[in-house]
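Student: Could you go through this structure with me? I'd like to ask things as they come up.

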Amino acid sequence: MKAPRTTIQRKLVLAIMLTSTTALVLTGAVLIAREASSLRQLVEREVTTRAGILAANSTAALAFRNPDDAIQVLAALRTDPSVIAAALYDENGQVFATYPSHVAPSVVPRAFGGVAHRIEEAHLVIRQPVLEGARVLGTLYIKTDLRELDERVRMHALVVLGAVLGSIGVAYALSMWLKRKIAGPVGLLAKAAKAVSEGKDYSIRAEAVSDDELGLLAESFNDMLAEIEKRDGALRSSEGRLRQLNAELEQRVAARTAELESTNRELEAFSYSVSHDLRAPLRAIDGFSKALLEDCADGLGEVGSEHLDRVRKAARQMGLLIDDLLSLARLSRTEMRRERVDLGLLAKEIVTSLSQAQPERKVEFVVTGDTTTEGDPPLLRVVLDNLIRNAWKFTSKHPTARIELGRTGGNGNRTYFVADDGAGFDMAHASLLFAPFQRLHRQSDFEGTGVGLATVQRIIQRHGGRLWAESAVESGAKFYFTMWEARS
Amino acid sequence: MTDKVILLAEDNANDEELTLRALRKHKISNEVVVVRDGQEALDYLFMAGSHAGRNPNQPPQLVLLDINLPKINGLDVLKRIRADARTRTLPVVILTSSSEERDRFTAYDNFANSYIRKPVDFDQFTEAVRELGLYWLVLNEPPPAVRPRTAI
């Protein structure tokens with residue numbers, strides 16, 4: 001968290017000071033203005049009243065044209081030092097008497113008329129008619145200095161200003177106290193939050209200093225921290241458990257892999273030794289039986305020769321079994337490629353070689369539909385070789401036969417099949433079809449080791465597909481297979 | 001044809017007898033020298049040990065080499081044959097029970113001339129031996145006599 005640009009404390013003080021200062025200054029200004037105006041009114045009233053009295057006192061002096069009396073009357077103005085000058089004019093507007101008695105003519109106007117009173121610069125000028133009944137005997141002119149008034153207003157303003165400044169000081173002190181009271185706990189809370197977020201230490205607690213909303217906030221914050229601390233602990237411990245489990249799992253996988261590798265090696269060593277060592281005795285059995293038949297045919301007689309033929313046949317069958325078994329075992333070890341393969345083309349090659357071996361057979365071979373696919377060419381050749389050889393074998397008791405390789409379904413669903421019209425089998429035993437060494441026909445009817453379809457199934461599985469069959473006795477068999485099903 | 005010696009490296013007495021029988025049956029009357037382990041095969045080829053005294057002017061025309069041999073494995077015997085200037089061009093046919101891919105690979109990788117798997121069926125076996133003899137002893141032209149200074 002970055003350091004706050006403006007702390008809440010400063011904002012608080014600023015707000016309080018701004019509000020109180022504005023209020024105080026405005027109030028002060030209004031007070032000063034009002035005081036100034038009321039003072040002026042007071043002074044005007046005073047001067048006007050005095051002028052009225054003086055005018056009344058001057059009536060006799062004017063009526064009897066006695067300037068000395070008039071001067072005496074005006075001299076009463078001595079009591080007010082703010083009066084600068086005064087003059088009494090007769091009915092013709094000529095100066096009759098002045099105050100002070102010898103005043104410069106520039107201070108007192110020679111003659112004038114009209115206006116009752118007006119303020120000229122810092123002076124208040126009063127013109128009061130002197131009346132006797134309704135007759136105007138003359139005019140009284142008084143010029144008063146307003147500087148004293150201004151002085152009083154200034155003094156007043158100073159007092160108000162002092163009061164305003166004092167109030168601002170008090171407001172500042174108050175705001176500082178408020179700051180401590182409100183912003184202090186907020187600051188502590190902020191500090192705690194910052195420490196938590198920076199140190200990721202959820203055991204930190206905010207100090208609760210007040211029992212107001214801020215105290216409640218701090219309390220809630222602490223409760224929240226406690227909850228987070230609890231969850232964090234749980235998370236950490238489950239993380240640790242998970243790591244441990246992971247490590248155990250990895251260890252177990254490594255152990256299993258090692259086990260599997262060693263089993264694989266053993267299996268390989270086993271098939272290697274089977275391949276080398278198991279066939280030699282069989283060769284000896286067959287070879288020496290043959291030697292016996294050739295060298296001692298007379299002694300054996302017909303029955304003996306027949307028995308030996310059976311021995312030889314059994315030995316050869318055993319040899320085939322071993323070969324098939326080894327190739328089945330090898331299937332799961334060989335690397336698989338994925339290339340474009342035309343199953344129809346492969347099938348034709350297989351059928352051609354079968355026809356060459358048994359030219360007397362009358363077999364019609366048909367390829368229907370698009371039979372190109374992707375897979376491992378040698379392995380797919382083994383698939384077709386087994387399926388077509390089976391079809392060839394199980395149609396051998398019929399005078400003519402038909403074998404078909406094709407595809408069903410649309411583009412999305414690629415199911416291939418190899419069908420024949422031969423001996424077929426009972427679907428009740430279909431579950432045994434793909435188990436190694438399981439056969440549905442007697443050896444005397446159709447020879448075989450029972451490994452072929454197990455091999456086919458293994459290869460189809462490695463191509464991500466399924467293998468199944470449909471058949472009925474003497475109605476032929478149809479073997480279906482798919483590939484790469486998981487992908488589509 | 002009779003002066004051409006066949007070296008048969010075979011530890012199994014049955015296989016040895018059957019091979020000889022098959023050869024006889026097809027009137028292949030060459031002298032067949034039988035050695036029963038890898039070491040003896042090398043001794044014969046390089047005139048060492050018990051075969052130190054063999055006729056140096058009658059090198060074998062063909063070696064029929066089993067893989068599973070005692071002491072020195074047939075494939076190692078092949079490597080030693082190919083590593084030596086005196087025997088590098090000698091026709092060697094692997095004649096064995098197994099057709100394991102790695103055996104076949106190692107054999108050809110070390111320049112075996114042929115790899116033949118002994119069939120269990122004796123009829124097929126004799127046929128194989130017959131074709132083998134016909135091809136390597138009659139049809140096939142042997143490598144020219146080795147240079148005089150490296151005479152065997």
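This is a predicted model: local features need pLDDT of at least 70, side-chain atom pairs count only at pLDDT 80 or more; totals for chains, interfaces and linings use all residues.

Student: OK, how many helices and strands are in chain A?

Tutor: Chain A contains eight helices and 12 strands. Of its 488 residues, 24% count as buried, and among the chain's contacts with a separation of 6 or more, 63% are between residues 24 or more positions apart.

Student: Which residues have the most contacts inside the largest nonpolar core?

Tutor: Those are Val383(A), Leu387(A) and Ile388(A), in a core of 38 residues. At least two residues of this core come from each of α5 (297–331), α6 (343–357), β7 (362–368), α7, β9 (400–408), β10, α8 and β12 of chain A, and α7(A) gives the most, with nine residues.

Student: And what does Ile388(A) touch, apart from its sequence neighbours?

Tutor: Leaving aside neighbours within four places in sequence, Ile388(A) is in contact with Ala347(A), Ile350(A), Val351(A), Ile403(A) and Val418(A).

Student: Switching to loops, where is Phe434(A), and what is it in contact with?

Tutor: Phe434(A) sits in the loop between β10 (415–420) and α8 (452–462) of chain A. Leaving aside its neighbours within four places in sequence, Phe434(A) is in contact with Leu453(A), Ala454(A), Gln457(A) and Leu467(A); the C-alpha atoms of Phe434(A) and Gln457(A) are separated by 6.7 Å, although the two residues are 23 residues apart along the chain.

Student: Why does Phe434(A) count as partly exposed?

Tutor: Phe434(A) has 19 other C-beta atoms within 10 Å, whereas a residue counts as buried if 20 or more lie within that distance, so Phe434(A) is partly exposed.

Student: What about Ser475(A), where does that one lie?

Tutor: Ser475(A) is in the loop between β11 (467–471) and β12 (477–482) of chain A, and it counts as partly exposed because it has 13 C-beta neighbours inside 10 Å. The C-alpha atoms of Ser475(A) and Gly422(A) are separated by 6.4 Å, with the residues 53 apart along the chain.

Student: Now chain B. What is the strand order in its five-stranded open sheet?

Tutor: The order is β2-β1-β3-β4-β5 (chain B), with parallel pairing. β2 (32–35) and β5 (114–117) of chain B stand at the edges with a single partner strand each, so one side of each has no neighbour in the sheet. The twist averages 20° from one strand to the next.

Student: How many bridges join β1 to β2 there?

Tutor: Four bridges join β1 (residues 5–9) of chain B to β2(B), and Leu8(B) stands opposite Val34(B) in β2(B). Helix α2 (residues 38–45) of chain B packs on the sheet, where it touches β1 and β2 of chain B, and its direction makes about 135° with that of β2(B).

Student: Last one: how many residues of each chain are in contact with the other?

Tutor: 14 residues of chain B are in contact with 15 residues of chain A. On the chain B side, α1 (13–25) and α5 (122–139) are the elements giving two or more residues, and α1(B) supplies the largest share, four residues. By class, that side has four nonpolar, five polar and five charged residues.

Notes:
Residues are numbered from 1 along each chain as its sequence is written. Chains are lettered from A and ligands numbered from 1 in the order in which they are written. Two residues are in contact if their C-beta atoms, placed from the backbone, lie within 7 Å. Ala, Val, Leu, Ile, Met, Phe, Trp, Tyr, Cys and Pro count as nonpolar, Asp, Glu, Lys and Arg as charged, and the others, Gly among them, as polar. A residue is buried if 20 or more other C-beta atoms lie within 10 Å of its own, exposed if 12 or fewer, and partly exposed in between; C-beta atoms are placed from the backbone. Two strands pair if DSSP finds at least two bridges between them. Axes are lines fitted to C-alpha atoms, for helices over the stretch in contact, and angles run from 0 to 180 degrees between N-to-C directions. A nonpolar core is a set of buried Ala, Val, Leu, Ile, Met, Phe, Trp, Tyr and Cys residues joined through C-beta atoms within 7 Å.
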